[in-house]
Amino acid sequence: LKSPSITCALKNASPFPSRHSTVGSPESILKITFDGRPVLEEILQHDVYINDEEETEPEHSPEWEVVTYYKPSDESGGDAVERYLTVTLEKATPSSNVVIWWTKVFRDVGEEVVVE
């Protein structure tokens, strides 16, 4: 049984030295493929940076992992299994000591979270 191939790429992320000066940076794009087929390619709501001082490539693989959750046996006697792909993104900021609240992950997808 062949295991599926997952790739996770981050395009246009700011390099580590520029992580606190991202005004006017190109839009960061997260792209995920499964067995070579695109599953997701979306523009992020805010800029991110590559947490690697040596990285200079325009496309970078961020830290990611597949997490498996096992639910208790169902009525048929089998365990229900759910798998999630988790991706770690480092938020870039326009200046140091600035905190940016992400109201959503992707610019064009999903509802904004309103905090009052």
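This is a predicted model: local features need pLDDT of at least 70, side-chain atom pairs count only at pLDDT 80 or more; totals for chains, interfaces and linings use all residues.
Where does Lys104 sit in the chain? You'll find Lys104 in the segment after strand S8, which is 90-91. And is Lys104 buried or exposed? Its relative accessibility is 16%, and the cut-off for buried is under 20%, so Lys104 counts as buried.

The largest pocket comes out at about 180 Å³. Its lining is made up of Pro4, Ile6, Ile32, Phe34, Val39, Trp64, Val66, Arg83, Tyr84 and Leu85. By class, that's nine nonpolar residues, no polar ones and one charged. Which strands supply at least two lining residues each? Those are S2 (29-34), S6 (63-73) and S7 (79-88), and S7 gives the most, with three.

Tyr84, from that lining, turns up again when we go to the aromatics. The count there is one aromatic pair. That pair is Tyr69 with Tyr84: the ring centres are 5.4 Å apart and the planes sit at 70 degrees, so we call it edge-to-face. Tyr69 is in strand S6 and Tyr84 in strand S7, so the pair ties together parts 15 residues apart in sequence. As for accessibility, Tyr69 is partly exposed, with a relative accessible area of 46%, and Tyr84 also counts as partly exposed, at 40%.

Conventions. Residues are numbered from 1 along each chain as its sequence is written. Side-chain values use heavy atoms; hydrogens and water are left out. On a 1 Å grid over the protein atoms alone, a cavity is a set of points where a 1.4 Å probe fits but cannot get out, and a pocket is an open set with protein on both sides within 12 Å along at least five of seven lines; lining residues have an atom within 4 Å of a point. Grid points are joined across faces, edges and corners, and a volume is the space filled by probe spheres set on the points. Helices (H or I, at least four residues) and strands (E, at least two) are DSSP runs, numbered from the N terminus. Ala, Val, Leu, Ile, Met, Phe, Trp, Tyr, Cys and Pro count as nonpolar, Asp, Glu, Lys and Arg as charged, and the others, Gly among them, as polar. Buried means under 20% relative accessible area, exposed over 50%, partly exposed in between (1.4 Å probe, protein chains only). Rings of Phe, Tyr and Trp (its six-membered ring) pair if their centres lie within 6.5 Å; planes under 30 degrees apart count as stacked, over 60 as edge-to-face and the rest as tilted.
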